[in-house]
Amino acid sequence: MLEALESDGIRLAATVMLVRDTDAGLEVYMVKRTGRGAFPDLHVFPGGKVDEADYAPEIFTDMEDGQASETLGITAGGLRYWVAVARECFEECGVLLAQRDGAFLDFSQPDTVERFADFRQRLLAGELHFNALCEAEGLKIAADQLAYFSHWITPEMAPRRFNTRFFVAAMREDQQTLPHLAEAADDAWVLPQDALSHGEDGDWQMIDPTVRSLQTLSQYSCVSDALAGIRSGDHLMPLTPELNAQGMQPLR
């Protein structure tokens, strides 16, 4: 039986940390939320609520719901998080984590860029859902490009509460991030240690899950090492009562 999308005022959600290799080291993509809503002006990773339509096993080839659910430590519905991450990544960042016939689309082609820019606008307008887009274009989510990272539940004192699964995904070289301006006031590719410095200096506002995630990412010098370490499940700092009070949950 699938988890309820909302229980006791806590909404299921998913977050994606896009990472890429640079000469300076591993960078992660972050956005600054607009000055409205429950968490205004924060620097965060892209993400959002899990939708009912995100349960779409038909748009996977290399993962079944049982495997996804076991990875998350739940009984059923794990695939919803992978779909939510892929959908939010495309909606918020313009980055497509899906393949056709086992290969990524070539976004160096102007007609592909234009066609998918139109799809994105329709998604943002609520005229189309991501799984329908995938079926229409013969796309399958590249589940092996996503690594499950962490689990956080917003503390009780927060204005809105979310039960959020964090994922990491490698950014493709032939795509470019393009923030959804209705939700992002600014965006940046940044070294995790530099983002932490911005927070320490008071230039960026960040909540504890973001800070802890950046601290973990700062241990890795490249994307391949990060993905390997995260998939091993040994990447997180020990779960202490203090971290649990901030919302950190067991990985599974």
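Residues are numbered from 1 along each chain as its sequence is written, and side-chain values use heavy atoms, with hydrogens and water left out. Because the model is predicted, local features need pLDDT of at least 70 and side-chain atom pairs count only at pLDDT 80 or more, while totals for chains, interfaces and linings use all residues.

Helices (H or I, at least four residues) and strands (E, at least two) are DSSP runs, numbered from the N terminus. Strand E2 spans residues 10–22, and ten of its 13 residues are buried, so E2 is largely enclosed by the rest of the structure. Buried here means under 20% relative accessible area, with exposed over 50% and partly exposed in between (1.4 Å probe, protein chains only). Two strands are taken to pair if DSSP finds at least two bridges between them. E2 pairs with strand E10 (residues 161–170) in the parallel sense over ten bridges, and threonine 15 has phenylalanine 166 of E10 as its bridge partner. The pairing of E2 with E5 is antiparallel and has three bridges; here alanine 14 is partnered by glycine 48.

E2 is also part of two hairpins. Strand E1 (residues 6–7) runs antiparallel to E2 and is joined to it by two bridges, with serine 7 opposite isoleucine 10. Two residues lie between E1 and E2 in this hairpin, and aspartate 8 in the turn has a positive phi of about 55 degrees. The other hairpin joins E2 to E3, again through two residues. E3 covers residues 25–33 and is antiparallel to E2, with four bridges between them; glycine 25 in E3 is the bridge partner of threonine 22.

A further sheet is open and has three strands in the order E7-E6-E8, with antiparallel pairing. Its edge strands, each pairing on one side only, are E7 (103–104) and E8 (139–141).

Aspartate 54 lies in the loop between strand E5 (47–49) and helix H1 (65–72). Its relative accessibility is 0%, and aspartate 54 therefore counts as buried. The side chain of aspartate 54 makes a polar contact with the side chain of histidine 129 at 3.4 Å. A polar contact is a pair of N or O atoms within 3.5 Å; within protein, one must be able to donate a hydrogen and the other to accept it, and residues adjacent in sequence count only if both atoms are side-chain atoms. Leaving aside neighbours within four places in sequence, the residues in contact with aspartate 54 (heavy atoms within 4.5 Å) are Lys49, Leu79, Arg80, Val83, Ala84, Arg87 and His129.

Helix H6 (residues 208–217) is mostly covered, with seven of its ten residues buried. These are Asp208, Pro209, Thr210, Ser213, Leu214, Thr216 and Leu217.

The second largest pocket has 13 lining residues, of which Gly94, Phe107, Val113, Gln176 and Leu178 lie nearest its centre. A pocket is an open set of points on a 1 Å grid over the protein atoms alone, where a 1.4 Å probe fits, with protein on both sides within 12 Å along at least five of seven lines; lining residues have an atom within 4 Å of a point. Helix H3 (residues 110–124) gives the most to this lining, with five residues.
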